[in-house]
Amino acid sequence: MLAVLYFILFEICGVLIVQYVLPKKPFIYRLWLGMVFGILLIMWLPALAAFFISFSTEGHIIALFILAAFTFTAYKLRDNTSPLPFDNGDIEKLKTVLIIAIPLSILCAYLLHTHVLRPVGGALHVGQSTYGDLPLHLSIATSLKNAKFPAAYNIFPPEKLSYPFLMDSLSTSFLLFSSSLRFSIIFPAVIMAFLVFSGFVLFAMRISNDKRAVLLAALLLFINGGLGFLYPLDMAGVSLGEQGSNELQNGIWFERLSTILNGFYQTPANHAEFSRYNLRWSNIIVDMLIPQRTFLAGWTFLFPCMYLLYDFMSEDSYDIRQIVLLGIISGAMPLIHTHSFLALVLLSFAWLIVDLVKRKRIKPWLIYVFVAGVLSIPQLFAFTFEQSSSSGHFLSFQFNWVNGDGGMKDYYLWFYIKNIGLPFIFLILSLFEKNNKWRFIYIGAFAVFLPAEFIRFQPNIYDNNKLFYVWYALCVIPISEYIFSIYDSLKKFRSRKVLAVLCTLIFFLTGTLSIAREINSDYMMFSSEDVELSKWVIDNTEKDDTFICGTQHINPVSNLAGRNIVCGPASWLYYHGFNISEREMDIYAFYVQPENHKILDKYGVDYIFLSPHEIARYDADLETFDSLYNKVYSSSSISVYEAKND
């Protein structure tokens, strides 16, 4: 299909550009970096054109000319060294990469298949982890079609869309080339998941020569979970809870496993009853990469930046082309994933200090900062800072992440031990070892950890986990080397294999249960009526038309059709810095007194949406609306009216 061909063209050019500028890097690293750079270009070039034209097919054609110019410039500025060939070293690295990347990518592809608008009898189904976040991303992706940038939130018009939107605009690119909404969400996510898994393994191999440690580090990172599995095992022969209260210990023996596999957020990694268990170390695959699309995009680019940075730090000499490439990728990140960009800034600052003390190099850092700054500062001031400064809920002091939210719930170290598990204990022990490489990595890692431990960066304190996971991604590499150094030292003990099996069980049981729950989860998000309504809205209303409706997060008008609504849910907008109380009150007032046309005029409403949600929440009366407004669409439970008096 045309969208895939367009995508492949960018990928080819990305690989060519990296080969031109970094021919001395091993082939497999060039291929990885090139694929990542190709995705960066397909995200950014059509978006840049949209600031002058619109996010349209014409803008995407212009982006092709810009792509050609980028590729030609890279060719003219190329390093004339012959590229390193694909050799036996690349084959061994590729085997290590594929051992991790293939099974985890297949898992992600399956979860995306079940969790993203899976058609079932005309309805669209999702999974547990995508039930809350997916509608937001659908709204952004569908509303950006043919939009002029900077675009508005279609769930809070006319406010500017300052949320990092480039992952969703990538899906819009697929929509513009006639892909289905489902394919437009899934296809780029699968590719990027593969690059995240591959990227971490390649980054870890640049640091560690121990293949076992690299594989263990990847598994510890992506099948993370902690010690939460102990809670459903405790007194398993006695039922200690009930549905909605201490539910993780409801039932006996295997009934508790049924609760984990079937209950809503009853997994022992990210548990719904936060005040009871304080289990907050969400599994990265099912709770982050699958539902949180900006996180997936952020990590797609974060690992290449970390690799390029570490690679530069590990050598006395440097390649200016590598520094410029690092600056370009990092500078493009704020509108892709702000937390990943912030983590990279903190890491870079820490390693800058180390490099200045050790080698007293300043020129490459000035180049890096200049390139990254030129690209990132306009994004930060035009979008990120503008959004955060409009609300008093950003940037405040809070010690000990979610454990310190409203007072310490767990003892300080115990909170991290039970949430992260044995890797955290091995981390503490490894700090006592005299290993310069580990210490160097930990300096960068804890430069990310400490701000996240003391500062609430946005209203949802839980989102600091996006910084903690970067800290953890760095730490698991020396942790894994340390674990195998202990294992090797136990050669004379016949029980060491038994000990290894027990540790493996403790490492991965909680994460495995979380993944199993997501595989088993299934929820209907849009009914067949919702789907039919969205088709009618697309075919019979204008792109900029505005609907008044309830503030429910599942809304076929805004999610599937991409039309404007007066106000979306507080669960998104509050955490994006908006005060929605006035609009909520106006919506309530209108549905209670639908003859009040002033509210419709206030928000430029074109259509009125009436579904079981509005009827239940606002006690809206169908007969009153029928008498006041012209009904233009009707199904068994949904009505749409023109926003004008008869």
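## Helix pairs

The axes are lines fitted to C-alpha atoms, taken for helices over the stretch in contact, and the angles run from 0 to 180 degrees between N-to-C directions. Helices (H or I, at least four residues) and strands (E, at least two) are DSSP runs, numbered from the N terminus. Take helix H20 (residues 465-489) and helix H21 (residues 496-520): their axes cross at roughly 155° and come within 10 Å. H20 and H21 are therefore roughly antiparallel to each other. Their crossing is right-handed. A crossing has that name if the near helix is turned clockwise from the far one by less than a right angle, and is left-handed if anticlockwise.

A second pair is helix H5 (residues 130-143) with helix H6 (residues 166-176). Their axes lie 8 Å apart, and the packing angle is about 50°. That makes H5 oblique to H6. The crossing of H5 and H6 is right-handed.

## About the model

This is a predicted model, in which local features need pLDDT of at least 70 and side-chain atom pairs count only at pLDDT 80 or more, while totals for chains, interfaces and linings use all residues. Residues are numbered from 1 along each chain as its sequence is written, and side-chain values use heavy atoms, with hydrogens and water left out.

## Backbone exceptions

Most residues other than glycine have a negative phi, and most peptide bonds are trans. Some places in this model depart from that pattern.

Start with the loop between H5 and H6. Pro150 sits there. The peptide bond leading from Phe149 to Pro150 is cis, with omega near 0°. Pro158 is found in the loop between H5 and H6 too. Pro157 and Pro158 are joined by a cis peptide bond, with omega about 5°.

Next come two positive phi angles. Asn278 is not a glycine, yet its phi is positive, about 55°. Asn278 lies in the loop between helix H11 (274-277) and helix H12 (284-289). With a relative accessibility of 3%, Asn278 counts as buried. The cut-offs are simple: buried means under 20% relative accessible area, exposed over 50%, and partly exposed in between (1.4 Å probe, protein chains only). Trp401 is not a glycine either, and its phi is about 45°. Trp401 belongs to the loop between strand S3 (396-397) and helix H17 (412-420). Trp401 is buried, at 1% relative accessible area.

## Salt bridges

Side chains of opposite charge can pair when their charged atoms come close. A salt bridge here is a side-chain nitrogen of Lys or Arg within 4 Å of a carboxyl oxygen of Asp or Glu. By this rule the model has 21 salt bridges.

One of them joins Lys602 and Asp586, with the closest N and O atoms 2.8 Å apart. This pair links distant parts of the chain, 16 residues apart: Lys602 is in helix H26 (residues 597-602), and Asp586 is in helix H25 (residues 581-592). Lys602 is partly exposed at 46%, whereas Asp586 counts as buried at 14%. Glu273 and Arg276 form another salt bridge, 3.3 Å from N to O. Glu273 is buried, with a relative accessible area of 15%. Arg276 is partly exposed, at 45%.

Lys631 and Asp626 meet in a salt bridge of 3.2 Å, N to O. Lys631 counts as partly exposed at 32%, and Asp626 is partly exposed at 34%. Elsewhere, salt bridges that share partners join Lys25, Arg206, Asp311 and Glu315 into one network. Leu104 is in helix H4 (residues 88-115). Leu104 is buried, at 8% relative accessible area.

## A nonpolar patch

Leu395, Phe397, Phe399, Met408, Leu450, Phe454 and Ile455 make a nonpolar surface patch of about 670 Å². Patches are made of residues with over 30% relative accessible area and no salt bridge; like charges are joined within 9 Å, and nonpolar side chains (Val, Leu, Ile, Met, Phe, Trp, Tyr) within 5 Å. Accessible areas come from the Shrake-Rupley method with a 1.4 Å probe, and for residues only the protein chains shown count as cover.

Where does Phe454 lie? Phe454 is in helix H19 (residues 436-454). Phe454 is partly exposed, with a relative accessible area of 34%.

Terms used
Parallel < 35°, antiparallel > 145°, perpendicular 65-115°, else oblique.
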